[in-house]
Amino acid sequence: MLRIGVLVSGGGTNLQAIIDAIKSGKITNTQLALVVSNNPGAYALERARANSIDACCISPKDYATREEFHQALLEKLEKYHLDLIVLAGYLVKIPPEMVRAYPRRIINIHPSLIPSFCGVGYYGLKVHEAALARGVKITGATVHYVDEGTDTGPIILQKAVEVKEGDTPEILQRRVMEEAEWIILPQAIQMIASQEEQIG
């Protein structure tokens with residue numbers, strides 16, 4: 001059984017896609033054990049609690065230093081003996097010690113076709129604003145393993161989405177979520193879960 005923890009900063013639509021995929025059987029051999037947000041007001045925490053998933057807020061604002069925050073986050077994750085950590089719209093940089101503690105066991109969903117519109121400063125609506133400003137005709141989403149860089153880890157899955165005439169960043173963001181993110185993030189988790197099943 002693949003035990004996963006999801007880290008999220010906002011509304012948690014990708015978290016909901018994972019919850020729904022587990023319920024419907026699209027993701028098998030997987031238990032969603034923990035949801036952590038850096039934002040106490042994140043609706044994602046409500047989604048977790050509504051589905052009887054342990055949920056908590058660990059915010060950098062509650063700690064004197066980043067090191068103390070990183071330590072608290074790592075300690076919380078370790079208590080749950082997680083096999084996979086999923087970054088689903090988590091807007092805090094993952095510390096190198098966490099990457100080292102979970103080698104090839106942290107994945108992230110990014111709302112573009114990496115290597116386009118990724119790296120430092122490209123998150124949320126900023127990604128879609130940049131894609132529209134550049135005039136690209138195709139964008140999409142990428143699930144990748146997390147390494148010590150920003151959006152630089154090995155790619156697991158990508159899905160393309162058409163940019164349409166008259167798109168605003170908000171409209172494009174919604175289409176990328178619906179047509180790519182909510183599809184490939186559960187698919188990537190299922191791929192990892194089925195590999196675990198074969199090994200186990």
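I take contact to mean heavy atoms within 4.5 Å. Helices (H or I, at least four residues) and strands (E, at least two) are DSSP runs, numbered from the N terminus. Axes are lines fitted to C-alpha atoms, for helices over the stretch in contact, and angles run from 0 to 180 degrees between N-to-C directions.

**Ground rules.** I am working on a predicted model, where local features need pLDDT of at least 70 and side-chain atom pairs count only at pLDDT 80 or more, while totals for chains, interfaces and linings use all residues. Residues are numbered from 1 along each chain as its sequence is written, and side-chain values use heavy atoms, with hydrogens and water left out.

**Helices on the sheet.** I looked up α1 (residues 13-24) and found it lying across β1, β2 (30-37), β4 and β5 (106-110). Its direction is at about 165 degrees to β2. Helix α3 (residues 66-79) lies across β1, β2, β3 and β4. For α3 the angle to β2 is about 160 degrees.

**Sheet order.** I count two strands as paired if DSSP finds at least two bridges between them. Seven strands then form an open sheet, β3-β2-β1-β4-β5-β6-β7, with mixed pairing. β3 (54-57) and β7 (155-162) are at the edges; each has a single partner strand, so one side of each lacks a neighbour in the sheet. The average twist from one strand to the next is 20 degrees.

**Around β1.** I call a residue buried under 20% relative accessible area, exposed over 50%, and partly exposed in between (1.4 Å probe, protein chains only). Six of the seven residues of β1 are buried. β1 (residues 2-8) runs parallel to β4 (residues 84-87), with four bridges between them. It is also parallel to β2, over seven bridges. I followed G5 both ways: its bridge partner is I85 in β4 and L34 in β2.

**Around β6.** Seven of the eight residues of β6 are buried. β6 pairs with β5 in the antiparallel sense over four bridges. Seven bridges join β6 to β7, also antiparallel. H144 stands opposite I155 in β7.

**H110.** I found this residue in strand β5, opposite T142 in β6. H110 is buried, at 3% relative accessible area. Leaving out residues up to four places away in sequence, H110 touches F117, C118, Y122, V127, G140, A141, T142 and D151.

**Cysteines.** I searched the whole structure for disulfides, meaning pairs of cysteine sulfur atoms within 2.5 Å, and found zero. C57 is in none; its nearest cysteine sulfur, that of C56, is 7.4 Å away. C57 is partly exposed, at 28% relative accessible area.

**Largest pocket.** I used a 1 Å grid over the protein atoms alone; a pocket is an open set of points where a 1.4 Å probe fits, with protein on both sides within 12 Å along at least five of seven lines, and lining residues have an atom within 4 Å of a point. Grid points are joined across faces, edges and corners, and the volume is the space filled by probe spheres set on the points. The largest pocket comes to about 820 Å³. Its lining has 40 residues, and G89, Y90, L91, N108 and Y123 lie nearest the centre. α1, β5, β6 (138-145) and α6 (169-199) each supply at least two lining residues.

**E178.** I placed this residue in helix α6. E178 is partly exposed, at 39% relative accessibility. The C-alpha atoms of E178 and R134 are separated by 22 Å, with the two residues 44 apart along the chain.
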